[in-house]
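Okay, thanks for coming, everyone. Let me put the model up and then walk you through a few parts of it.

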Amino acid sequence: MKTWWKEAVVYQVYWRSFYDTNGDGFGDLEGVIAKLDYIKKLGVDVIWLNPCYESPDFDNGYDISDYYQIMDKAGNMATWERLLAEVHKRGMKLIMDLVLNHTSDQHPWFLESRSSKDNPKRDWYIWKDPKDAKEPNNWRSYFTPSVWEYDSTTEQYYMHSFAIQQPDLNWENEEVRQAIYQMMRFWLDKGIDGFRLDVINLLAKVKGFPDVENPQNINYLGNNPGIHEYLREMNREVLQHYDIMTVGEIPFVTPEDGVLYVGEDRNELHTLFHFEVADDMPTWDMTRFKEIQTRWYEGLKGRGTNSQFLNNHDHTRQVTRYGNDGKYRVESAKLLATMIHTLPGIPYVYQGEEIGMTGVRFPSIEDYNDIAMKNKYKEEVEKGRDPEEVFEDLLVLSRDNSRTPIQWNTGEQAGFTTGTPWIKVNPNYQEINVEAALAGPDSVFYYYQKLIRLRKENPVMIYGNYQDVSAGDEHVYAYTRTDQGVTWLVLLNHSDNESLFMIPEEVSTENAQLVLANYQDSSQQESLQKLTLRPHEARIYQV
Ligand code: TEU
Ligand code: CA
């Protein structure tokens with residue numbers, strides 16, 4: 001089935017680091033409006049806006065205290081409405097990031113819930129008695145050693161899969177579900193085009209809350225019995241009544257589980273993010289990456305739609321983590337883009353990726369904001385480990401690597417703010433910035449623009465069958481996409497060295513036409529059967 005969202009390219013706006021218009025050091029919705037023409041220029045169809053609801057902002061908006069309001073830092077409802085209208089005016093769509101697994105501990109629902117055991121909202125969250133005067137079980141949370149926090153008011157523990165300030169809602173409670181559905185309709189009725197649903201597979205908890213054998217592997221937090229009933233109910237009550245796109249953030253899934261969430265016959269969600277790469281492949285591993293791609297392609301083929309991304313606001317920028325952010329930064333950024341936009345699935349562009357922004361190494365833990373990193377730092381140092389060593393270990397994957405402000409130009413604070421930015425600007429903004437990218441015809445920016453335009457003109461990039469023709473090669477990734485008699489061959493040399501690659505005979509290359517390449521002089525004529533690819537060289541041929 002063909003639909004608009006399968007053909008979309010999504011651009012993720014982490015607004016607090018995008019563009020600040022009032023000098024308070026935080027990007028804001030007014031700033032997103034101011035830069036919409038820039039986003040449009042790239043050619044993307046959909047904007048995913050990170051959470052901007054009322055929030056104490058303990059986890060950068062993922063701790064919502066009022067689902068119906070916009071937080072002051074971001075702006076107000078009138079500005080948000082103007083943003084939506086301006087996005088639509090430019091022929092783009094807007095999807096909102098929604099957090100349904102937990103709220104802020106400052107949400108009135110939680111304030112009521114914690115006030116007494118017989119409060120009508122007590123059951124809206126997950127409360128348990130102590131076990132042997134300790135935590136109810138041994139589960140670990142994402143950000144802390146236990147999912148349980150003791151509350152002396154009522155002498156019970158509440159559950160939080162993330163920070164202490166993010167209590168988990170009790171989805172078993174019918175009133176909770178109805179309150180959430182009503183709130184979702186509120187946003188949909190304003191005319192938004194869909195949701196990115198935060199850790200949506202965590203809603204259902206293991207029945208009985210038993211101890212687990214290995215608490216460190218927290219996959220027991222997700223994909224539990226009951227989850228598909230909730231999503232089908234949500235679909236029936238809310239989602240199916242609107243022409244929207246939904247993408248679930250779904251950690252700990254294999255394709256077999258994934259298809260249960262996004263299968264076209266399932267009536268749950270449209271697409272998902274799985275984390276076999278971002279969470280489980282710390283550094284580049286070509287063999288493993290190919291294996292993951294093939295397995296997910298086979299698993300979803302003809303049944304559901306995947307997403308392609310290598311970074312977002314939680315994961316270190318791709319060119320630093322998975323590519324080369326030094327000598328071959330530009331080539332590498334273009335190669336990774338080629339890959340993400342030609343593999344099967346909806347491509348995501350995380351703000352700044354389109355100019356090849358890199359990760360950071362700030363000198364001290366004080367320079368970092370990421371609560372995942374800071375909590376982990378504290379936990380490890382309290383165990384007696386050397387603080388310097390802990391810091392060195394954590395900075396590589398700190399979420400702040402991708403949260404530094406967008407580098408607009410060579411001015412003060414990279415043109416992001418006239419004040420003091422909430423997080424330091426990456427010092428390399430003199431070299432890497434939007435102004436320079438827009439001025440250089442060979443920039444990473446224009447390469448993205450070309451890739452995105454190609455997608456509009458060539459359905460093979462969206463609907464084409466996929467085949468890896470490079471199995472076993474540790475550096476070169478070569479694959480074909482085929483749709484209605486059209487075959488594209490993608491060649492990627494993900495290496496700091498040259499690689500010799502022999503295209504298998506089954507791919508006929510006699511009439512090969514170069515479609516796009518990241519080296520200027522890639523010639524049309526040279527023989528494709530036996531090819532020397534330069535460092536981080538990427539080519540797309542129609543064969
Ligand atoms: O992220 C969930 C999360 O913990 C990710 O960092 C992880 O990489 C993967 O998604 C799941 O294994 C979401 C948000 O993106 C993040 O910013 C929030 O802090 C978190 O949920 C809690 O709401
Ligand atoms: Ca601001």
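This is a predicted model: local features need pLDDT of at least 70, side-chain atom pairs count only at pLDDT 80 or more; totals for chains, interfaces and linings use all residues.

Residues are numbered from 1 along each chain as its sequence is written, and chains are lettered from A and ligands numbered from 1 in the order in which they are written.

Back to that pair. E6 and strand E8, residues 156–159, run antiparallel and share two bridges. Strands here are DSSP runs of at least two residues (E), helices runs of at least four (H or I), numbered from the N terminus, and two strands pair if DSSP finds at least two bridges between them. The whole thing is an open, antiparallel sheet of three strands, ordered E6-E8-E7. At its edges sit E6 (127–128) and E7 (148–151), each pairing on one side only.

Now the other sheet. How many strands form the open sheet with parallel pairing? Eight, in the order E11-E10-E9-E5-E2-E1-E13-E12. Its edge strands are E11 (271–273) and E12 (307–308). E12 is joined to E13 (residues 346–350) by two bridges, running parallel, and Gln 308 faces Pro 347 of E13.

On to helices. H11 (371–382) and H12 (387–395) pack at about 145°, axes 10 Å apart; axes are lines fitted to C-alpha atoms over the stretch in contact, with angles from 0 to 180 degrees between N-to-C directions. From H11, Met 373, Lys 376, Tyr 377, Glu 380 and Val 381 meet Pro 387, Val 390, Phe 391 and Leu 394 of H12 (contact means C-beta atoms, placed from the backbone, within 7 Å).

Then the ligand. Ligand 1 has 14 residues around it, the closest being Tyr 62, Phe 162, Pro 251, Asp 279 and Asp 314 (C-beta, placed from the backbone, within 6 Å of it).

Last, domains, with bounds from an automatic or database assignment: domain 1 is 108–159, domain 2 is 174–193 + 201–305, and domain 3 is 462–542. Over C-alpha atoms, the centres of domain 1 and domain 3 are 55 Å apart.

Definitions and conventions:
Two residues are in contact if their C-beta atoms, placed from the backbone, lie within 7 Å.
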